[in-house]
Amino acid sequence: MIIKKEDLKDNKDFSLEEHSPFMILNTKHFQYFSDVEKFGYSVEVLNVINSITWINKLYRDLKSDLHIETEIFYEIIDCILNARHFNDQQLERYYLAQQKLEHFTSITHKLTDTDNNFDVPFIIDFIILGANLEQYENLSDDKRSELHDEYAALFCQVREQEIEIEDFLLQVKALIFNVNELELENSI
């Protein structure tokens with residue numbers, strides 16, 4: 001989670017004690033706030049990679065053939081930092097990894113009531129799907145909320161394997177395309 005400096009002062013739940021679960025990174029060297037956001041999103045993805053690495057170690061220790069690809073998440077970081085989006089093959093690998101994370105989550109939730117840290121923020125999914133970050137930021141709160149709601153419904157379906165990744169990609173790409181087109185119309 002990225003907390004802006006001005007929001008940090010108002011957040012009473014945030015403490016920086018010796019064993020605090022938070023990390024503060026100096027961002028003075030970034031020229032633009034958008035660079036800080038990209039960096040923050042990259043750290044979020046690194047946190048997911050760390051969790052997946054732990055899961056894969058658990059699988060190995062249990063002598064299981066199960067494995068969740070982490071390389072695709074490094075490719076996400078590259079997309080974020082270089083303002084690119086994924087091709088179809090990369091998107092399929094990403095959502096396959098999401099399905100495997102959901103499988104792991106469903107198993108662990110049956111064993112214990114824990115909060116797994118596997119969720120990549122939707123904004124990162126939007127970036128790799130081809131959304132223009134600047135156009136996304138310019139969306140009204142209502143349009144942004146609508147986008148998140150529509151995407152969440154589809155994301156749950158693909159993560160729980162209720163729809164095929166291919167069908168999911170067609171639908172979410174249309175959703176992202178519509179957002180990009182909507183913002184272009186609003187800027188004209």
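Q: Under what relative accessible area does a residue count as buried?
A: Exposure is worked out with a 1.4 Å probe, looking at protein chains only. Exposed means over 50%, partly exposed is in between, and buried means a relative accessible area under 20%.

Q: What kind of model is this?
A: Residues are numbered from 1 along each chain as its sequence is written, and side-chain values use heavy atoms, with hydrogens and water left out. Local features need pLDDT of at least 70, side-chain atom pairs count only at pLDDT 80 or more, and totals for chains, interfaces and linings use all residues, since this is a predicted model.

Q: Which residues of helix α5 are buried?
A: Helices are DSSP runs of H or I with at least four residues, numbered from the N terminus. Seven of the eight residues of α5 are buried, so this helix is largely enclosed by the rest of the structure. They are I123, I124, D125, F126, I127, I128 and L129.

Q: How are α5 and α7 oriented to each other?
A: Axes are lines fitted to C-alpha atoms, for helices over the stretch in contact, with angles from 0 to 180 degrees between N-to-C directions. The axes of α5 (residues 122-129) and α7 (residues 141-159) come within 11 Å and cross at roughly 85°. Angles under 35 degrees count as roughly parallel, over 145 as roughly antiparallel, 65 to 115 as roughly perpendicular and the rest as oblique. The two helices are therefore roughly perpendicular.

Q: How are α2 and α3 oriented?
A: The axes of α2 (residues 33-61) and α3 (residues 71-82) come within 9 Å and cross at roughly 180°. That makes the pair roughly antiparallel.

Q: Which residues of α3 make the contact with α2?
A: Contact means heavy atoms within 4.5 Å. On the α2 side, the residues include K38, F39 and Y41. On the α3 side, they are F73, Y74, I76, I77, I80 and L81.

Q: How far apart in space are S51 and F118?
A: S51 sits in helix α2 and is buried, with a relative accessible area of 13%. In sequence, S51 and F118 are 67 residues apart. In space, C-alpha to C-alpha, the gap is 6.8 Å.

Q: Which residue's backbone oxygen does the side chain of T105 reach?
A: T105 lies in helix α4 (residues 88-111) and is buried, at 9% relative accessible area. Its side chain comes to 2.8 Å from the backbone oxygen of L101.

Definitions and conventions: Polar contact = N/O pair within 3.5 Å; in protein donor to acceptor, adjacent residues only side chain to side chain.
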